[in-house]
Amino acid sequence: MARDTLLSLRRICRSFGGIQALDTVSLDIARGDIIGLVGDNGAGKSTLIKILAGAHDPTSGEVILEGQARKLAPPAEAQRLGIETVYQDLSLIGTFTAAENFFLGRELAHGRGPALLRWIRRKSMGDTAIKGLDELHIDIPGVRTKTVERMSGGQRQLVAIARGAFWGHKLLLLDEPTAALGVRESREVLELIKRLGAKGLTIVMVTHNLDHLWQVCNRVVVMRRGRKAADLSSSATNMEEVVAYITGAKEAMTAADMEAGA
Amino acid sequence: MNRAVMPADHPLPETAAPAEGALPVAQAGSLPPGTHDRRALLMRLLGTYGTIIVLALMLAIFSVLQPGTFATIGNFRNIINDMAIGTIVAAGLTVPLVAGDFDLSIGYVASFCGLLAVGLLSSGLSIPLAILLVIALGTIIGVVNGLVVSKIGVNAFIATLGTGTIVVGLNYAYSGGIPLQLTQSREFTRIAIGRIAGVPHLVIIMAVVLALLWVILNRTVQGQHIKAIGVSPESARRAGVAVDRSRIVAFAIASTCAAIGGVLMASNLGSGQVTAGDSFMLTSFSAAFLGSAALREGQFHILGTLIGVLTVAVGNNGLAMIGAPIFTQFLFTGTLLVVAVALGGIGRRFARG
C-alpha cells in the first residue's frame, strides 16, 4: 500500500434484501486525491458514498482509515473521524443563516451540561463562519444576517461545501455538487472544489457531468452494476473511454484484476 | 451521457433590451412588468403582518365605537389578566409546534393537573409540595409523549390524542367525574387572584413564562436544535443534532406549561373542575397559528403566539362590548384563524419562490 493512502475500502459488499448494491468493491483513496465517482443510475455510487459517510454499514468487507480498521457508521462517527458529507439536498436549514448552518449540531456555547442550559454564542459563530468563508475566498453577503432560503442555489451550495470543508479535515464527500446549478454557479462551485484540492483536502465527488469531473478530478472511478468497472487517472483516459465503461461497451476489469488492484 | 451545456438560468440581457428606452406597451393577456413582484410583496407583507394589522384595526374600531368602556386601562387590564392562563398554555404548545410536532393532550393535561392540585391540597399536602408534584406530573406526561413519538415512532397527532385520552381516564378515576372543592386555606386562590404593585399575579407569571420560553428557543443550543428539526429533521440529524431528545424536550415543555396553566386555573376558580382546561387545546392552537402570521412568515414563535392570543382576546372583548351576540365571537375567531393561516402559508411560499 502506498504510504500516503488515507482510506482503503477492502472487498466491500452491501446488499439490501436480495439486491446486491455493492459487489466486492475495493478502492484506495490517497491523500489529496480528487476522485470523480461516476456511473449510471443504480450503479452503486450512492451506496458507496453512503458507506464512506457512515450512513450504511457494509454487509462485508473492511474500511481502513490511516492504517486502522474502522467502523464509520453512524454518520456522527464518520464526522468525528474527519469525514464530512455534502448531500445533494444540501442539508441546510432554510430559515437559518449561513453562520447558524455552519455550526448546526456543533454550536459554540457558554456553559456545560444539557443543551437547554447552554447559552448560544451567536457572535463568535458569525465571526468564525465569516473567517472560514474568507479563507476559502467565498464572498457571500449576509453570512450572519441572511437566511439561506433567501440565497441563490449557488450560494447555498458554496455554504454547504464550505461547511463540509470546515469540519471535514480528512475527507470531503460531495454528492452531485453541481446538479441543479446554472453555468456560472457551477463554475464557482468547481473553482471552490479546486481550491480545496489545492489546500490538500481529499475529495470524493459523485457526478453525472463528465465535463465538470474533468475540470477538477485527478481520478475517475466508474461504477457499473455494483462493481468497480474502472479506476483511471484523469490524465491517462478520455471521455469516450469513461463513457464506454459507464455504458458497459467496454468490459469491466475481471475479478482477478480487481484482486490485484486491491 | 455527456450532457449538453445547459442554458444559463438567468435570461440573457438581449431578451430585455428592446423594451428599454421605448415606452412600455402592455400586451393583451400579459401582466405589465412588476405586477407579479408587487403582488408577491403584498402577500409577504400580509403573511408577515396580517395578524398585527387585524389587531391594530380592531383596537381602532372598538375604541371609536366604545370609547368609554373598551378603550380604558381597566378593560385592557382585564383582557390581559383573563388571557394570561391561556397564553401560558399556548406558549408552551408553541415549542413542539416549532419542532414540527403537534400536541393534542395539553387541554386534558391542564384539566387533570388543576383538579389534582385541589385534590392533593384537600388531602393535606402543603401548597408548594402539591404544586411541585402536579407540575412534575405534567413534565412526565410530556416526556412520555416525546418518547412515544420519537422512540416508538407513533405519529404525534395520534400519540398525543392517545395520551390525552388516558389522562382524561386518570382524571375520572381520581375524581369520579365530580368537581373537587378546596376544603382549606384560601391561600391557594391568592396565587391567581393576588396583585403585586397593582399588577395581577397572573400577568407576572405569564410574563415570566413567556420570557423563559423565548430565551430557551432563541438563546440556547436546545432552542436552536428545536428550530432546526422543525424545518428539516433529516438535515438536523445529519448535522449531528440529537433529534429525538429535542422532540422529547419540546413535548415536556408544552406539557409542563399545560400543568402550570391547570394549577393557575384551579387557583383562579377555587375548585377542581373536571373539564375546565379542555378548551385550552383549541384556543392554544388558534393562537399559535394566528401567531405564525405575525412578524415571521408562517413560522411559529413565542411573541407571535402572544399576539395571537391578544388578537382573539381583544376581538371577543370588543364584540361583547358593542353588544354583539355570543355566536359572533366564534365566527370571528374561526374566520380569522383560517384567513391568517392561509396568508401565513402564502407569505412563506412567496418568500421561498
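Strands S9 and S10 (residues 202-206) of chain A run parallel and are joined by 5 bridges. That pairing sits in a predicted model, and it's a handy place to start looking at chain A, which has 9 helices and 12 strands. From there we can walk out to the rest of the sheet, then to the helices on it, and finally over to chain B.

- Zoom out and you get an open sheet of 6 strands in chain A, ordered S6-S9-S10-S3-S11-S12, with mixed pairing.
- S6 and S12 (227-233) of chain A are the edge strands, each with pairing on one side only.
- Going from one strand to the next, the twist averages 15 degrees.

- Helix H6 (residues 183-198) of chain A lies across S3 (34-38), S9 and S10 of chain A, and runs at about 150 degrees to S10(A).
- Helix H8 (residues 239-247) of chain A packs on the sheet too, touching S3, S11 (219-224) and S12 of chain A.
- The direction of H8(A) makes about 25 degrees with that of S11(A).

**Chain A as a whole**
- A compact globule of 262 residues would have a radius of gyration near 18 Å, so the 19 Å of chain A agrees with that.
- The C-alpha trace of chain A spans about 55 × 40 × 35 Å along its principal axes.
- Out of 262 residues in chain A, 48% count as buried.
- Take the contacts in chain A between residues at least 6 apart in sequence, and 64% of them join residues at least 24 apart.

**Where chain B comes in**
- The contact draws on 31 residues from chain A and 27 residues from chain B.
- On chain B's side, the elements giving two or more residues are helices H8 (201-219), H9 (221-231) and H10 (233-238) of chain B.
- H9(B) gives the most to that side, with 6 residues.
- Sorted by class, the side of chain B that touches chain A has 12 nonpolar, 10 polar and 5 charged residues.

Technical notes:
Residues are numbered from 1 along each chain as its sequence is written. Chains are lettered from A and ligands numbered from 1 in the order in which they are written. This is a predicted model: local features need pLDDT of at least 70, side-chain atom pairs count only at pLDDT 80 or more; totals for chains, interfaces and linings use all residues. Two residues are in contact if their C-beta atoms, placed from the backbone, lie within 7 Å. Helices (H or I, at least four residues) and strands (E, at least two) are DSSP runs, numbered from the N terminus. Ala, Val, Leu, Ile, Met, Phe, Trp, Tyr, Cys and Pro count as nonpolar, Asp, Glu, Lys and Arg as charged, and the others, Gly among them, as polar. The radius of gyration is taken over C-alpha atoms; the globule rule is 2.2 Å times the number of residues to the power 0.38. A residue is buried if 20 or more other C-beta atoms lie within 10 Å of its own, exposed if 12 or fewer, and partly exposed in between; C-beta atoms are placed from the backbone. Two strands pair if DSSP finds at least two bridges between them. Axes are lines fitted to C-alpha atoms, for helices over the stretch in contact, and angles run from 0 to 180 degrees between N-to-C directions.
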